[in-house]
Amino acid sequence: MVDAGTKKALGKIPLLKTKAGPRDGELWIPRIKEEYQSLIAYVENNKKDDNDWFRLESNKEGTRWFGKCWYIHELLKYEFELEFDIPVTYPTTAPEIAIPELDGKTAKMYRGGKICLTDHFKPLWARNVPRFGIAHAMALGLGPWLAVEIPDLISKGIVQHKDSATKS
Amino acid sequence: MSTIEELKERVRCLEAELEKSKKSSVARQKISQMSSEVVDSNPYSRLMALKRMGIVDNYEKIRDYTVAVVGVGGVGSVTAEMLTRCGIGKLLLFDYDKVELANMNRLFFQPHQSGMSKVEAAEKTLREINPDVEFETHNYNITTMDNFTHFMNRISTGSLQGNSPVDLVLSCVDNFEARMAINTACNELGQTWIESGVSENAVSGHIQMIKPGETSCFACAPPLVVATGTDEKTLKREGVCAASLPTTMGIVAGLLVQNTLKYLLQFGEVTYYLGYNALQDFFPMMSLKPNPTCDDSFCKKQQNIYQERLAAKPEIKVEEVAEEVTHEENNWGIELVSETSELELKEAEGVIPDLVAGVRVAYTTPAPQPTQEADIPSGTGDATESLDDLMAKMKSL
């Protein structure tokens with residue numbers, strides 16, 4: 001279902017407790033704080049495990065998130081911009097993470113560059129409302145997606161390393 | 001090189017051609033009143049015949065109704081076309097997507113419309129088909145904060161008269177997030193809607209009518225799926241997100257609009273849930289009661305309102321006697337014993353609605369636990385830092 005590495009990383013991400021979305025007014029603020037705490041802990045863990053792979057920040061309302069993620073393949077670093085909105089039905093529904101620059105380059109994406117998640121993601125998310133947050137969506141959704149898709153896109157020549165791309 | 005004479009001749013030819021093509025494109029004029037006269041030039045004659053045949057009492061009433069179609073893709077575009085041809089009063093169309101060549105395995109849109117927004121392209125075609133229909137289009141994603149507020153406003157004031165709610169919302173979206181957003185809006189507004197969907201493997205679909213408080217809402221239970229007998233584990237998702245067929249989408253759109261017409265024009269029986277299994281040609285049907293422990297607080301509010309309304313005018317109850325399943329012979333006293341107790345199972349699976357054969361929940365979610373705050377293992381405590389501090393900390397990592 002979930003590979004051992006993901007499972008281990010997932011277990012270490014702090015869980016959240018406030019069940020509130022962006023339409024819940026004052027209640028949304030503690031939820032964003034929890035999101036940040038959980039994300040900070042996750043990034044710190046990744047650094048410790050020498051597996052640092054993304055940065056995220058949000059607008060001041062915490063409704064729109066953007067940042068970078070990267071993937072190391074054969075000692076080369078491939079970096080991508082990512083973004084997503086917090087849906088009005090959050091946290092009942094997970095955010096839809098998008099990498100717009102890869103839109104149209106792989107079939108495993110919905111329009112706008114939203115990544116295609118496995119059948120396991122939604123049930124797992126639904127069973128863990130409201131304890132899962134953005135950090136969990138990254139670990140369970142985007143992480144495994146990059147690990148499968150990026151090497152494939154590189155091997156097909158669809159994604160090129162920035163340095164070699166500028167040379168040619 | 002052409003001479004001036006040759007060029008003049010060419011211009012004459014082209015002008016003649018242009019004149020001819022202008023004459024051949026007939027634009028249908030607006031019609032102020034639906035007539036039941038059977039003549040070639042009356043686009044409503046066959047619809048009005050439904051009255052003469054005793055199927056519909058008052059077909060003209062369709063012109064008073066407003067329907068919102070959310071999602072103008074494979075199902076939504078065909079739905080909108082059917083309603084347009086039926087002479088609906090007003091259509092509101094919502095979609096944030098553009099027409100792409102990859103959509104051409106579905107109905108309605110044409111290759112030359114690629115790049116146009118779906119709502120814009122749809123409005124143009126539909127107006128040509130029937131100029132009597134009023135259109136209102138919104139090219140945005142309803143699940144984000146700002147758009148959602150606007151969406152709620154249009155649903156509650158978008159009718160033909162301009163001040164009352166639309167008569168029906170039809171969900172033709174292709175994802176869980178958008179369905180939940182529509183559900184949230186309709187529960188808050190007490191708006192009746194019909195949800196529709198086609199599975200990602202294109203061989204099953206469903207429609208589900210939701211009357212907040214009276215029937216199960218979209219959040220009352222995990223999503224329902226029509227079982228098609230295909231082994232989920234052998235379902236190959238390698239390299240693709242979703243498949244689609246014009247047939248399945250057309251059938252689901254047909255079921256959706258049929259139910260819409262029956263609901264609006266009050267004929268036949270309105271269906272609450274109708275599934276479609278394309279592999280076996282099986283159509284499971286049922287109605288679903290709302291979940292008293294639904295996650296959506298507005299669903300629970302609507303349930304109370306509905307119960308109060310019911311109590312105000314008591315109905316005659318038809319008692320149903322449930323037959324107990326007994327096996328005629330059981331000489332050895334064989335019983336089924338589960339390893340986990342029934343209670344444990346129930347808690348792990350949460351509320352599962354009574355479903356008809358051929359329909360199951362996509363997954364189960366645990367029953368809401370009456371946990372105290374302290375019980376929740378949480379690493380995110382009450383933050384002593386302010387949000388600004390946390391944002392700065394995240395940035396500096």
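1. Some ground rules. Residues are numbered from 1 along each chain as its sequence is written, and chains are lettered from A, with ligands numbered from 1, in the order in which they are written. As the model is predicted, local features need pLDDT of at least 70 and side-chain atom pairs count only at pLDDT 80 or more, while totals for chains, interfaces and linings use all residues.

2. Now the cores. A nonpolar core is a set of buried Ala, Val, Leu, Ile, Met, Phe, Trp, Tyr and Cys residues joined through C-beta atoms within 7 Å. A residue is buried with 20 or more other C-beta atoms within 10 Å of its own, exposed with 12 or fewer, and partly exposed in between, C-beta atoms being placed from the backbone. The largest core has 76 residues, and Val67(B), Ala68(B), Val69(B), Val70(B), Val169(B) and Leu170(B) touch the most other members. Helix α7 (residues 246–265) of chain B gives the largest share of this core, eight residues. Apart from it lies another core, of 37 residues, including Tyr42(A) and Ile97(A).

3. Val69(B) is worth a click. Not counting residues up to four places away in sequence, Val69(B) touches Gly76(B), Thr79(B), Ala80(B), Leu91(B), Leu93(B), Leu170(B) and Cys172(B).

4. Next, a helix pair. The axes of α5 (residues 145–157) and α6 (residues 176–189) of chain B come within 10 Å and cross at roughly 50 degrees. Axes are lines fitted to C-alpha atoms, for helices over the stretch in contact, with angles from 0 to 180 degrees between N-to-C directions. The contact is made by residues including Phe148(B) and Phe151(B) of α5(B) and Ala181(B) and Leu189(B) of α6(B).

5. Last, Ser114(B), in the loop between β2 (90–94) and α4 (118–129) of chain B. Ser114(B) counts as partly exposed because it has 15 C-beta neighbours inside 10 Å. Leaving aside neighbours within four places in sequence, Ser114(B) is in contact with Val99(B), Glu100(B) and Leu101(B).

Notes. Helices (H or I, at least four residues) and strands (E, at least two) are DSSP runs, numbered from the N terminus. Two residues are in contact if their C-beta atoms, placed from the backbone, lie within 7 Å.
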